[in-house]
Amino acid sequence: MGDINDVLEQECLECWILFDKIDELFSDDYGKRKICIESLFRTYLSFVNRFPRIKFKIFLRNDIWSTLEFVNKSHLSDKNVVLSWDKKDLLIMLMRRCLDNEMVEEYAVNEIGLEKEELLLAPNLEEAFYTIFARQVYKGKKKQI
């Protein structure tokens, strides 16, 4: 790891290692999952100072984080970012992404009669979204699973 960190340092680069869906590890065994996740954070704590160019980004639900117990957990409190989304946030994110496509933007602007910036205003978001996407995903009867 030291060699990798040195190369990253020479090139003025960072390497991010992302951990997601770790709440699904050992979903049938809470004890094993807790030990595994706590071990991941202990590993993170040993990496953070030894290999400053290698960054761990760990995505974890708040309810799981609150149950973890490991030495120096409090050292991570200022490194947490809580992600939360509401319907408006999701619509804005999706619409910005959709409107980056010139053809989609042109279609939405022509259909609704508003400029791109106006489409992203709160009162217009749902109308703009449902101009691009169908209100109902499946047109037929709901399928039984």
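Contact here means heavy atoms within 4.5 Å. Helices (H or I, at least four residues) and strands (E, at least two) are DSSP runs, numbered from the N terminus.

The model is predicted, so local features need pLDDT of at least 70 and side-chain atom pairs count only at pLDDT 80 or more, while totals for chains, interfaces and linings use all residues. Residues are numbered from 1 along each chain as its sequence is written, and side-chain values use heavy atoms, with hydrogens and water left out.

**View A. Helix 4 against helix 7.** In helix 4, K87, K88, L91, I92, L94, M95, C98 and L99 meet L125, E126, A128, F129 and I132 of helix 7. This contact has ten nonpolar, no polar and three charged residues (Ala, Val, Leu, Ile, Met, Phe, Trp, Tyr, Cys and Pro count as nonpolar, Asp, Glu, Lys and Arg as charged, and the others, Gly among them, as polar).

**View B. Axes of helix 4 (residues 87-99) and helix 7 (residues 125-132).** The two axes, lines fitted to C-alpha atoms over the stretch in contact, come within 10 Å and cross at roughly 50°; angles run from 0 to 180 degrees between N-to-C directions.

**View C. Helix 5 (residues 102-112) against helix 7.** These helices pack at an angle of about 120°, with axes 10 Å apart. V104, Y107, A108, E111 and I112 of helix 5 meet E127, A128, T131 and I132 of helix 7. Six nonpolar, one polar and two charged residues make up this contact.

**View D. Strand 1 (residues 15-19) beside strand 2 (residues 54-58).** The strands pair in the parallel sense over five bridges (pairing requires at least two DSSP bridges between two strands). W16 has K55 in strand 2 as its bridge partner.
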